[in-house]
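Hi,

Here is the structure I promised to pass on. Have a look at it first, then read my notes below.

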Amino acid sequence: MDFILQGLIEAIKLLAAGGGETYSAIFTTLKVSTISIIASLILGIPLGFLLGYAEFPGRRFCRTLADTLLALPTVVVGLLVYAFISRRGPFGDLGLLFTLPGIAIGQTILALPIVISLTASAIEGLDQRLRLTLLTLGASGRQLALTSLREGLFAVLIASVTAYGRIISEVGVSMMLGGNIKWYTRTITTAMALETNKGEFAMGLALGIVLLIIAFTVNAILSILKMRAGI
Amino acid sequence: MSELIYELSKLVHRYGEHVVLEIEQLSIRKGRIIGVAGPNGSGKSTLLKILAFLQAPSEGMVYFEGQRVTFSDPPPRREATLLLQDPYLLKRSVFENVAYGLKLRRDKNDLTRRVGQALTWVGLDPKSFTHRSWNELSGGEAQRVALASRLILKPKVLLLDEPLASVDAASAELIMQASFRARRDWGATLVIVSHDLIWMHEVADEVLSLFNGSLAGTGARNLIMGPWQISESGLWRKELEDGQQIIAQSPSGDQSVAVLDPSDVSISPKSLEPASQRNAVKGAISQMIFEKNQGKVLVNVTADSISLYARMTEDAIKALSLHPGQTVWVSFDFDAFQWL
Amino acid sequence: MERKRMKPWKILALTAILATQLLLPGASASAGEPVLRMATTTSTDNTGLLDYLAPLFQKDTGIKLQWVAVGTGKALALGRNCDVSILFVHAPAAEKKFVKEGYGITRRKVMYNDFVIIGPKNDPARLKGLSIPTALKAVTGKNAVFVSRGDDSGTHKKELSLWKAASLQLPDKKKWYIQTGQGMLTTIKVAEERSGYTLVDRGTYIKYESQNQGNPRLVILVEGDKSLMNQYSIIAINPESCDKAAYNRTLGFIGWITAPKAQKHIADFRLLGKQLFIPNAEQ
C-alpha cells in the first residue's frame, strides 16, 4: 500500500509543479488528438452522412466495411501507416515518421470508421416522419439533407466523443509512428506504457489521472450538450 | 361556382403488386372541407400523401389548380401541407419549429409577430410558449405547434391526418377552430381524414368513403362484406351469427362487398317480416348523426356484427319518436346494392 | 427574438477554431529549428545520458536532437529504411556488417562501459565471483530464472554470444528462460519481480541503483571479464542511399560528440557519484 500511496503523493506533486516531462506528454496528447479528431470529423461526417442518407450501388458493402473496421487494431494501423510513411515507403519524402503529423495520420485512420459508421447509424436512425415533415413544410433536397444532419447532430456528437475516446486512449499508433520521442512525440499513453516500468511510477500515475480527467471532461461536455439539446 | 383545386384521374397506387389506391375520378373544389372516411388500410393516408405531393402515384394524373402535376419536377409542395397524425417537431424551440417553413422560403420579415400570431391561432400564448423547447410540450400542445408551423405558411390546402385522434378535448376544439380560420381567412381547402364519423359529418361539406383503396362514393355508405352463399332460388345470402340473413341479387363473387346507400334504407319501430324482394333485419339504434351537407340525420343501427346507416329527415324521426338504444327493424330491397 | 444561448454547432465550431489557434504556433515552431533524428539503444536513453547531452549539443550547434530509443536491431532497421539520420548503438559485429553493406558510413567509437550479470542478493544459483561460462552453466544446471532482453538489441546480441562462447545451447524454450522483448530497465524490473538473473550494461545498472536510492534488490554478481566489454559507436546513415538524410547535421553531431569537450561531458555524467560511461573516441 505504501508503494501506491507514495506514488500517488508523488503524482500529485508532479501535477501541481507544472511543466516538465509530465506536462509535455499531456500537451502532446492534446495537440495530436485534437488534430486527429478534427481531421476524422471533417472526413468522416460527410462520408458517414452520405452512407446513411443516400442510396447508391455498393452502399451496403461500404457500410459493412466501415462496421468491420470499427475493430481495427491500433498496431495494424501503425504497421500499415509505417509502411507508407517510412522513408522507404511511397510517402517517405514527406518525412512524416516519428512526427506528430505522422501520429495524427494513424489516429485519423483509426477514428474514421467510428465517425463514419456512427454518423451513418445516426442518420439512418432518424425518425421516418422527419422526411415527410420537412418536405411538407417546403424543404428542398439540400434543405432536407442539412436539417436531417442537424436533427442527427447529437448522435453525431456521440460519434465524435466515442472516436475521441478511441484516439486519446490508443497506444499502438503513437508508439509505432511517434517513436515515444521525449519532449516531442511522447504522449500520455506511450509514456505510461514505456516509461512507467522503467521506474517512473509516479509519472505514470499522474498521467493516468490526467487521462481520466480528460475522459471525464469530454463526457461532461457531452451531457451538457445533451441537456441543452433536450434529449 | 368555385373552381377545382384538385382533380384526380385514373389514379392507381401500388406497393409492389398490391394495389392500395384506385380512383377513377375525383374532383375537389376550392375552399371546401372534405372528409375522408374508411377503415384502416383503405388507402386514406396514401391519398393524403398524394394530395400533399409527398408520394407520386404509380399511374394516373393529378391536376392542381388546373395544372398537371409532374412528380419528377419538384411538385407544388409549398401550396399544400400535411399535418401528420403523430406530429414530428424539430429538436429546437417552439419558435424555431413554427418559423422553420418561412425560413426555408427565405421569408424572414416580421418573423416574431407572425410566429406569435400563428401560436395565438392554435390557442398557445406566445409569451409562455415561444421559447419552450420541443420536449417541454404535452401531446396536444405539440400537435398545435405542428399545426401553427403549417398555418403560418398560409397554405392553399391543409391536409389533416386524424388530427384529433391523440389529443385532449380542449386541444381538439382549438385545432378545429384554427383549421376553419384557414378557410375563412384565406380560403384554404381542408382535407380531413378521421375515424370519428359523427364529427366528420358535422364539419365536412362532403365525405368521401374509401374502402380497399376504392371510392365507395361520396357521403355516408353502408358496406356489407362477404362471404355470400348462393341459395336454391339463385339469390345470394349472407348469414349473421344470430341467425338473421341478408339477401342480395347477383354479387360479382362470393367475397364481394355490397355498398348500400343510406337513403335506400328505412326504419320501422314495429316488427317487420322479410318480404319478397325486401330484407328486414332487427337491430338497435346506436347513434344518430346530423349530416350538415344534407340537412338530414343518419341513424346508425347495429344488428349483430354489422352496422347500417339509414338517412332520414328530422320530421320522420320525430314522427316515429326514434331514440338511441331502441329496438328497430331496418328494411331495404334485394337489388338496392352496388358491388365493389 | 431567438433564444440567446449557444447552439451545439456553434460550440463545435468554436472548439475547432480554438484548437487550431492552439496548434498552429506549436507546429510552426518545431518546423523552424533544425532537427537531427537518431535511433539509439535503450541504455543511452534509460540512463538519462542523452537527456543530459542533447541540450549541450543544441547550445553548441543550434541543432535539436530527437531520438527513438529501441533495441540496436530495430535501430539498424530504422537506419536501413532511412527513417533516422544517425545511429548510436552498441553491437560492433552487426554495426560492421551494416557499414559493409553500404547503409552506414563514418562509424566512430564514442564510449564504452561493461556488461555485468546481476541477480537477487541471496544468489540462489551461487554465481558470485564465477567466470562467465561457469556462471551460465550454473544457471542452466539449477534451472535458475534468467531474464533475457530477447529484442535483438546490443545487450541481447551480447548475451547470445556469451551462451555460444560457453558452449551452451540457447535455453530458448526453457521455462526458466524469460524473454521480455523490452528495454533494459523494464527487463531489470521483470528480473526483480521474478527473482531472476539478467545481463545488463553497467550504465543502466547504475541508473537502476539510483532509482532505488542505492539499495537495489538485484546486485552485481559477475563482472570484469574481458568478453563483457561494451563499446558504443556512432554511425552516419549513408546519404547516397537516403538522399534526404540530414548529412551535414549528422556530421555536426559526430564531430561534436567525438571532440574532447563532449567526451569530457560523458566522463562527467554520474549517478550516485559513479561514472556510467568511459569516453574513448579516437581523435
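Which order do the five strands of the open sheet in chain B have? The order is 16-20-17-18-19, with antiparallel pairing (strands are DSSP runs of E, at least two residues, numbered from the N terminus; two strands pair if DSSP finds at least two bridges between them). Strands 16 (266-268) and 19 (306-312) of chain B sit at the edges with a single partner strand each, so one side of each has no neighbour in the sheet. Further in, strand 17 (residues 278-291) and strand 20 (residues 327-333) of chain B are joined by seven bridges, and A284(B) is opposite T327(B).

Before you go on: this is a predicted model, where local features need pLDDT of at least 70 and side-chain atom pairs pLDDT 80 or more, while totals for chains, interfaces and linings use all residues. Residues are numbered from 1 along each chain as written, chains are lettered from A and ligands numbered from 1 in written order, and side-chain values use heavy atoms, without hydrogens and water.

Now chain C. Its strand 8 (residues 218-222) has four of five residues buried (under 20% relative accessible area, 1.4 Å probe, protein chains only). Strand 8 of chain C pairs antiparallel with strand 4 (residues 104-120) over four bridges, and V222(C) is the bridge partner of I117(C).

One last thing: the side chains of K274(C) and E209(C) form a salt bridge at 2.9 Å, N to O (the rule wants a side-chain nitrogen of Lys or Arg within 4 Å of a carboxyl oxygen of Asp or Glu).

Cheers

How values were computed:
Buried < 20%, exposed > 50% of the residue type's maximum accessible area, 1.4 Å probe, protein only.
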